[in-house]
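I opened the notebook to look up the overall build of this model, chain by chain, and then the contact between the chains.

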Amino acid sequence: MQPIKITLFGDYYDCQLYRGRLYLWTFDGELQIYDWDQIIDKVVERNGDWLTFLYGYKDGRYLYGNKTKRLFEDDEFKEIVLRRYLSSCRQKFFLEEKDIEDCLIGVQSAPSSALPIDTEIYNNTLYYSTEKGLYKATAHRPRSEKYKVSTKAQKLWDARILSIIANDYPQMALSAGSDGLYEYRPGGNCNYTLLNEIEPQLYRVSEKYSLFSNYIFESIFSSSHNGNSYISMFKLYRDRKSCFHRVFEKEVEEIAFSEEKSKKDALLSWGIRDKVYQATGNMVRVMKYRKWKENSLADRLNSFGTLDLKSNSRLIKGSAATFGNILEYEDKLLVMMSNNEKFVLPEEVTRWRIYPRSINYLNQLHVVLEDRVEFISFNHDSFVDQMSKLNGIEYYVPTSTKARSVYADAFDDLFS
Amino acid sequence: MPDIQFAYQFIYDKTEVHYLSSPKHRQIGNPHKSIWIVTPDEEFGCFKYTYEKQWVVENEAWGFMLNANGKFIVLGQGLNNEELKIAKFKKDPNATEWHGYPCNYMANTYDVPSDTVLKKWVSLHRITKAKMSKIQQTLSCNL
């Protein structure tokens, strides 16, 4: 099943989707903030199917609900839903900026008047990096406020940060290229034994080159070209007062967990949550990272399978979401979907965003292109066995009652 | 090539601009320096074009040379023999002469062209927005 696409034409540079608001940076230096649900309702009003757009764009979590899964075990029900998805996949949904004027809830100059190198929104705060440094500004401000993102950004650090990635704990991995890998901890206590605090709440994790990075549970996978990736391993332990501490353990270079004979055989590696991927000439080696194995790296990281990878162009970036593996090449974007289908955007991309930490948008891929943004919704993954899939990170159904009520029960309740 | 320093100058906006082609960036085998593969005259031509286009931010500038098809030409080689297509030019604050080298923005974050310059390149259709974004993030792009 191929994804559903909504195309918005315009001259954009970056985007973020957070708590029902779409943030679009224009090349002219504006930040436009839209009501996301209203945009989706507008598409549905025109010719979209409410069911597929509800699951596909507003509440991606619903398809993972336990009771929903039971409904899909009914072939008749499943056939009806799939038919509606297939119909939406075949349609084209085009929007111009004027079509969504009434969904606009704020326009302002882009923070720091810059086209950001990277952005991340976490805990109602926009973090962004420019050539002048790393900044944060309050975001998701009430509609009554003139500026939905504070115009009084706070500079956190002078360094040029290439990639900002937050996890749930909360920590933020910061890749600073030749300046190394860093971590910013917005709040709370944490024991960072062995790490240098170079600015308030900002720690140097490694001096080695870091092109981009991501969290593999409590540790950080730092990616770099030509086999120079590494894992900065952290360990969680609980003290006598039942408080959790996260302590830096050691750095493990890629060659230590690679089957390749030399660094240069590995093109690019990336890791996120439970998966580590290592691309070589014509294949991707998949490794499973196990959170609760607390001993050696060999216990935590196990071979899980291989994937074919054939392309004449150069692979430059990778990441994974529940719906699959996202591979950026110099001249295209490839999604190796978790059902082993492929989806290709055959042109060079300006930016792409996934939202693996999100509750509602975990199935979406947003791609900024030369003249438009594509909002792509993947809806196949809830039909895929989560434990055995090679492409994409595993979807975890939270086990606690409280957590389940947040993640999946809303949809279940509709059918109970 | 012997260690000869070539000196050039031109007038821009009624001001003399001086350029020195450093032999350090022409010594093959120097493990710490990228090297030009274009001639000193071409190196200067690249700088002059860069300066006249005002791809300058304070005491730094970035430029390139195009072939007849409008594609970036290879200006030099990096420390691992990689092809370099962007040049960085610098001037010490108290000096009058500029100098430059073919830079590897992927290896050194301080070599990444300034956003101001990149935006000008996009506006002139020399690079696409996608290439600007990739250069900002020190990712490879097909210039």
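The entries below go through each chain and then the interface.

I am working from a predicted model, in which local features need pLDDT of at least 70, side-chain atom pairs count only at pLDDT 80 or more, and totals for chains, interfaces and linings use all residues. Residues are numbered from 1 along each chain as its sequence is written, while chains are lettered from A and ligands numbered from 1 in the order in which they are written.

Chain A. I found 7 helices and 30 strands in chain A (DSSP runs numbered from the N terminus: helices are H or I with at least four residues, strands are E with at least two). The C-alpha trace of chain A spans about 55 × 55 × 50 Å along its principal axes. I note 44% of the 416 residues of chain A as buried (20 or more other C-beta atoms within 10 Å of the residue's own, C-beta atoms being placed from the backbone).

Chain B. From the N terminus on, I read the elements of chain B as β-β-β-α-β-β-β-β-β-β-α-α. The radius of gyration of chain B is 14 Å, close to the 15 Å from the globule rule for 143 residues, so chain B is as compact as a globular protein of that length. Buried residues make up 37% of chain B.

Interface. I looked up the contacts and found 23 residues of chain A touching 16 residues of chain B (C-beta atoms, placed from the backbone, within 7 Å).

Definitions and conventions: Contact = placed C-beta atoms within 7 Å. Buried ≥ 20, exposed ≤ 12 C-beta atoms within 10 Å, placed from the backbone. Rg over C-alpha atoms; globule rule 2.2 N^0.38 Å.
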